[in-house]
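Please consult the sequence and structure shown below while reading.

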Amino acid sequence: MSRFFSEELSALTPYTPGEQPDKSKQLIKLNTNENPYGPGPMVKKALEETDSDLLRLYPDPEALELREAIADFYGLGPEQVAVTNGSDETLAFAFMAFSANRRKVFFPEISYGFYPVFAQVFKTDFEEVPLRGGLTIDPEDYLKCDGPVLIANPNAPTGLALEPSEIERILNADPYRLVIIDEAYVDFGAESCVPLIEKYDNLLVIQTFSKSRGLAGSRVGFALGCEDLINDINTIKFSFNPYSLDQVAISVAAASMRDKEHFEQTRSMIMATREKTFKTLKEMNFHVIPSKANFLFARHDLISGADYFAALRENDIIVRHFDKERIEDYVRISIGTDEQMKQFLKVTGEIIRELE
Ligand SMILES: *Cc1c(COP(=O)(O)O)cnc(C)c1O
């Protein structure tokens, strides 16, 4: 740290992204919940048709083409959509916009690791609400929170999802309190809260192109909500970086939203592979949480999370391990292709057999 770094931020612990290994190494990468199938034919076409001369100009700060594509997909108006550089940026803008009045932000004790980092960097007081048994979220615990509530649904890294009716209870408990639902994984089998937007002006839904739409490298995320909430997000965006989405990302993400066939096909493949992997892990006596996301969270009585992670790494397979109380015995396994999961299960079988 230089002597110039802000004293107020001196205790800041940045988010630790999952490892992005050297591409030349033939590793099976199941550690950052990327989509094994990537973007579809309509995205490829949009990229091919991109004129490099376009890069001379600033991108459309309104990103209207993309906001309209998203609005069409969800049956909303473009004024109910804000787009940002990854949903991490949406989350950052939401912290800036909605915690500035110094109200405490509430989120689950075990959830996306970026939430407490945002709270620290934006100097927001926060409270981590304990999970119940089985690492579940109980909506009851959020009814009386006197500040914005932020919940990932499905939650990460557990993969467990709440029903929209359960989230509605939290929304109804206090119409003067904002509820932010991070739906990064919602397309893998959970039910979205987007239809509730018309009914609740205290609901902001955040989604991303990084997981179900295979565009993690493009950095595109978005927020859906009533026009006033979206205007607030855009007020922050236009006070920070109006051009946070480059023109290539705007056209590629718009094409991806229109490619419903590729979206439907790849997400069902991932869900089918997840269910097969779940079943095989259970047969090997793993404790596996039933997941509505593109990952599984699993542990085994015979091996610690750290040792299992290391044993897989030895065999060129990377998963994610969190050195955190209550979940240190688990590893999080992103769902890859059938072939990748077959190799993962083969290696896992060998690791477990040696311990029995
Ligand atoms: C991956 C993820 C995000 C961030 O995605 P971006 O790549 O920044 O769009 C946000 N929330 C959760 C829970 C995630 O897992």
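Which residues line the largest cavity? The residues in question are L91, A94, F95, F98, S99, V105, P148, L150 and I180. The model is predicted, and local features are taken at pLDDT of at least 70, side-chain atom pairs count only at pLDDT 80 or more, and totals for chains, interfaces and linings use all residues. Residues are numbered from 1 along each chain as its sequence is written, and side-chain values use heavy atoms, with hydrogens and water left out.

**Cavities**

- Three cavities of 30 Å³ or more are found in a search of the whole structure; a cavity is a set of points, on a 1 Å grid over the protein atoms alone, where a 1.4 Å probe fits but cannot get out, and lining residues have an atom within 4 Å of a point.
- The largest cavity has a volume of about 60 Å³, a volume being the space filled by probe spheres set on the grid points, which are joined across faces, edges and corners.
- Helix α3 (residues 86-98) supplies the largest share of this lining, four residues; helices (H or I, at least four residues) and strands (E, at least two) are DSSP runs numbered from the N terminus.
- The lining of the largest cavity comprises eight nonpolar residues, one polar and no charged; Ala, Val, Leu, Ile, Met, Phe, Trp, Tyr, Cys and Pro count as nonpolar, Asp, Glu, Lys and Arg as charged, and the others, Gly among them, as polar.
- The second largest cavity, of about 50 Å³, is lined by P39, G40, S212, R213, S256, D259, H262 and F263.
- Two nonpolar, four polar and two charged residues make up the lining of the second largest cavity.

**Pockets**

- The largest pocket holds about 1200 Å³ of space; a pocket is an open set of points with protein on both sides within 12 Å along at least five of seven lines.
- Of the 47 residues lining the largest pocket, Y15, T16, Y112, G113 and R320 lie nearest its centre.
- At least two lining residues come from each of α3, β3 (105-108) and α4 (114-121), and α4 gives the most, with five residues.
- By class, the lining of the largest pocket has 21 nonpolar, 15 polar and 11 charged residues.
- The second largest pocket contains about 380 Å³ of space.
- Its lining has 18 residues, of which Q20, L27, K29, E34 and Q340 are the closest to its centre.

**Ligand surroundings**

- Polar contacts are pairs of N or O atoms within 3.5 Å; a polar backbone atom of D88 is 3.0 Å from an oxygen atom of the ligand.

**Two buried residues**

- I28, in strand β1 (residues 28-29), counts as buried because its relative accessibility is 15%; buried means under 20% relative accessible area, exposed over 50%, and partly exposed in between (1.4 Å probe, protein chains only).
- Beyond neighbours within four places in sequence, I28 is in contact with D316, I317, I318, Q340 and Q343, contact meaning heavy atoms within 4.5 Å.
- Q247, in helix α7 (residues 247-258), is buried at a relative accessible area of 17%.
- The side chain of Q247 reaches the backbone nitrogen of D60 at 3.0 Å; within protein, a polar contact requires that one atom be able to donate a hydrogen and the other to accept it, and residues adjacent in sequence count only if both atoms are side-chain atoms.
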